[in-house]
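Visitor: I am new to this structure. Could you walk me through how to read it?

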Amino acid sequence: MAFVENHGARIYWDEQGHGEPVLLIMGLAYPSQMWYRTRPLLALSYRTLALDNRGIGQSDVPPGPYSISLMASDAAAVVDAAGIESAHVLGVSMGGMIAQELALQYPARVRSLILGCTAAGGPTAVRAEPEAIQMLMTREKMSPEQAADAAVPFIYDPATPRERIDEDIAIRRPWFPRPEAYAAQLQGILGWEAYSRLGQIVAPTLIIHGESDRLIPPGNAILIAERIPGAKLVMIQRASHLFFTDQPEVANRAIMDFLAVHGNIYDREKAAC
């Protein structure tokens, strides 16, 4: 475990495993511990780096708002602190937005890009249903337990067992966000757009999305896939926003298969330079 100082905040990060580096970026108000269904598998073959975005987990909670660009610079600072030139980058939800910005601002640091349950912002984005938007905008006024429960219908598939959902909430419970931190991250999401710039992304890209996602509708994955040159799109049946919980085996297989191919490609291209 370690911290790196960046733009007025100490950012927590840690690493597990050995091999090519994979940077893991979690979503809105979620701590890095929420990688618990995927990280152990990745760490068998890769050096995984995970950070707590500013405002959550063990990272500092400076005054907001936290722009997506600022949080992307936090992620880049973690790559630097780990002593590596670049990493494969896996980001989900808000973390997928940070990953897009990282690939745009710091292309040399991104070996490949995996974008999960995310959007590209701007006027073309497919908006969530009004009930989902209302839930997002009012959660900071709820107790942490109420907020976690309110999100369930929008982020889990109806077929997912409740005990699996409760496992996720138990992981998050020690790290439920302060209201001002949640608001600071949400403001960053609302003020961000990358759709107009996605054609500039040069990293090999995989996009994963659950077909029943009510928080970030799956049409957003299609929009991103159409804009990033050569992007591969995987839509997961019977999976919502937290597809790692709804369909962990399918999601993990798609990620591992993609990394197995593009890790080798990166090594060959670098050796040829």
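Guide: Let us start with the helices around the largest pocket: α3 (94-105), α4, α5 (144-155), α6 (162-172), α7 (179-190) and α9 (243-246) each supply at least two residues of its lining. Helices here are DSSP runs of H or I with at least four residues, strands are E runs of at least two, and both are numbered from the N terminus. This is a predicted model, in which local features need pLDDT of at least 70 and side-chain atom pairs pLDDT 80 or more, while totals for chains, interfaces and linings use all residues. Residues are numbered from 1 along each chain as its sequence is written, and side-chain values use heavy atoms, without hydrogens and water.

Visitor: Which helix gives the largest share of the lining of the largest pocket?

Guide: That is α4, with 5 residues. In total 43 residues line the pocket, and Ser93, Met97, Leu136, Leu215 and Ile216 lie nearest its centre. By class, the lining has 30 nonpolar, 8 polar and 5 charged residues.

Visitor: How do I read a salt bridge?

Guide: Side chains of opposite charge can pair when their charged atoms come close. The cut-off is a side-chain nitrogen of Lys or Arg within 4 Å of a carboxyl oxygen of Asp or Glu. The structure holds 13 salt bridges. In one of them, Glu167 meets Arg37 at 2.9 Å, N to O. This pair links distant parts of the chain, 130 residues apart: Glu167 is in helix α6 and Arg37 in the loop between β3 (21-25) and α1 (39-43). Arg37 and Glu167 also belong to a network of salt bridges with Asp168.

Visitor: Is Arg37 buried or exposed?

Guide: Arg37 is buried, because its relative accessible area is 19%, and buried means under 20%, exposed over 50% and partly exposed in between (1.4 Å probe, protein chains only).

Visitor: Where is Ala75 found?

Guide: Ala75 is in helix α2 (residues 68-81), and it is buried, with a relative accessible area of 0%. From Ala75 to Ala108 there are 33 residues in sequence and 13 Å in space, C-alpha to C-alpha.

Conventions. On a 1 Å grid over the protein atoms alone, a cavity is a set of points where a 1.4 Å probe fits but cannot get out, and a pocket is an open set with protein on both sides within 12 Å along at least five of seven lines; lining residues have an atom within 4 Å of a point. Ala, Val, Leu, Ile, Met, Phe, Trp, Tyr, Cys and Pro count as nonpolar, Asp, Glu, Lys and Arg as charged, and the others, Gly among them, as polar.
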